[in-house]
Amino acid sequence: MSILSLFVVIPALMLVGLWLAKSLNQVRGVMVAGASCLLALSVWLTIYFVQQRAAGNSDVMLLTASTPWFKPLNIAYSVGVDGISVVMLLLSSIIVFTGTFASWQLKPLTKEYFLWFTLLSTGVYGFFICTDMFTMFMFYEVALIPMYLLIGVWGSGNKEYAAMKLTLMLMGGSALLILGLLGIYYFSGATTMNVNEIAAMHNIPVDVQKVFFPFIFIGFGVLGALFPFHTWSPDGHASAPTAVSMLHAGVLMKLGGYGCFRVAMYLLPDAANELAWIFLILTTISVVYGAFSACVQTDLKYINAYSSVSHCGLVLFALLMMTKTSCTGAILQMLSHGLMTALFFALIGMIYGRTHTRDIRYLDGLMKIMPFLAVGYVVAGLANLGLPGFSGFIAEMTIFVGSFENADTFHRVATIIACTSIVVTAVYILRVVGKILYGEVKNPHFLELTDATWDERVAVICLIACVAGLGLFPLWASNAISDAVGPILENIIK
């Protein structure tokens with residue numbers, strides 16, 4: 001068995017531990033121990049992968065293993081990682097670790113909350129390590145189902161509506177997805193569901209590819225906030241509890257971009273080349289629409305939710321540009337946005353827990369009252385608008401430079417339009433920072449509020465360190481991702 005299976009075994013043990021826990025301290029202990037082990041494992045995996053890359057072994061999947069599961073349909077439990085899945089596992093473990101501390105004071109039903117939170121993270125980890133289409137889909141569904149209860153029970157605002165809307169739209173995407181995956185399996189004539197083995201066969205007819213490519217790209221794209229299937233995202237983000245918003249926007253939405261690239265474009269390359277222009281138009285709309293929508297919101301969570309629509313649209317936009325630089329930038333954007341948006345949602349949850357409002361019209365002067373949280377929000381905002389030295393700058397510049405490598409007018413015009421989102425992002429970030437952090441404190445109740453507690457500081461400091469670390473030292477991630485992107489693009493662009 002591959003060591004990668006620990007990414008599923010450890011969460012499974014955490015579920016057992018949580019089920020047996022009798023007190024709040026035991027629940028917290030199980031979560032911290034499990035999240036710490038997963039973080040340590042992902043850090044070790046990253047170091048191991050970088051070492052293997054230095055030895056020239058990064059052009060293939062590492063730590064692969066396969067065990068037959070259901071032979072009549074050639075389904076196997078197949079695992080393996082490349083540079084893309086390694087950074088996604090690292091991102092997931094960071095968000096789960098910091099999300100645990102962000103939920104430290106959550107009540108009631110703390111035990112039940114962490115059970116569903118851990119099940120969600122199990123699906124995420126399993127999805128990123130699997131190379132078998134069916135197993136990937138199974139973990140994909142495991143990651144989606146807990147969202148309904150996490151939002152519907154522990155959320156805020158119109159949480160029942162948001163939970164139902166999110167679940168129905170993502171299940172609709174899953175229905176399209178399973179049809180597309182079965183189409184690939186049967187029309188490829190493969191005796192396996194392994195993604196890499198099917199891609200190497202190159203024998204799916206072009207007409208068949210054109211039929212099933214939209215099914216898979218839209219199926220995954222729904223989770224990646226592809227326009228016009230994005231409407232579940234703002235409501236879901238706004239109603240979810242803090243750590244769920246962190247995991248949802250920081251990691252779960254990345255399953256969409258990962259699946260579009262690893263499955264839809266990789267296995268159906270001819271259709272990807274012929275139909276990319278359609279989805280490129282939709283993703284360009286996502287980028288600009290999300291940014292402008294964020295400008296007119298007054299709820300902090302809705303502002304960040306529409307910002308996520310824009311930035312996740314940028315991921316799909318860059319993948320469809322199909323240059324090595326743009327695709328590398330897309331994965332960097334997934335990593336960067338995951339860290340930034342998790343930081344944003346953590347800070348918003350902490351501010352809301354004290355002020356009991358997320359409406360920027362009633363927030364002011366927070367820098368004087370809670371300086372630690374306010375400075376953290378400024379850092380998150382600067383990273384989000386692409387300030388050099390933070391992860392957002394590295395990711396977005398790589399995307400736009402790579403996208404402009406396409407010499408034709410259509411792609412360059414789309415790139416220029418998408419670039420306008422940088423200016424719009426700066427507008428809504430600076431507007432919010434100026435409105436809620438500076439000026440006089442008008443609400444006398446705010447003067448009684450306290451700054452961040454120790455557990456909140458742990459989460460915020462870890463995320464800020466990661467955002468700044470990736471911005472200052474991006475080459476290890478960029479090189480690892482670029483090596484993994486190369487073979488996939490070679491299969492797409494013949």
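Predicted model: local features only at pLDDT ≥ 70, side-chain atom pairs only at ≥ 80, totals over all residues.
Mentor: Residues are numbered from 1 along each chain as its sequence is written, and side-chain values use heavy atoms, without hydrogens and water.

Trainee: Why are H3 and H15 called roughly parallel?

Mentor: The axes of H3 (residues 83–102) and H15 (residues 324–355) cross at roughly 0° and come within 10 Å. Axes are lines fitted to C-alpha atoms, for helices over the stretch in contact, with angles from 0 to 180 degrees between N-to-C directions. Under 35 degrees counts as roughly parallel, over 145 as roughly antiparallel, 65 to 115 as roughly perpendicular, the rest as oblique. H3 and H15 are therefore roughly parallel.

Trainee: Which residues of H3 and H15 meet?

Mentor: Contact means heavy atoms within 4.5 Å. On the H3 side, Ile84, Val87, Met88, Leu91, Ile94 and Ile95 take part. They meet Ile331, Met334, Leu335, Gly338, Leu339 and Ala342 of H15. By class, this contact of H3 with H15 has 11 nonpolar, 1 polar and no charged residues.

Trainee: What makes H13 kinked, and where?

Mentor: The bend at a residue is the angle between axes fitted to the seven residues ending there and the seven starting there. In H13 the kink is about 55°, centred on leucine 275. H13 (residues 269–295) reaches 37 Å between its first and last C-alpha, close to the expected 39 Å. That expected span is 1.5 Å times one less than the number of residues.

Trainee: How do you know that S1 and S2 pair?

Mentor: Pairing needs at least two DSSP bridges between the strands. S1 (residues 62–70) and S2 (residues 75–81) have 6, and run antiparallel.

Conventions. Helix = DSSP H or I, 4+ residues; strand = E, 2+ residues; numbered from the N terminus. Nonpolar A, V, L, I, M, F, W, Y, C, P; charged D, E, K, R; others polar.
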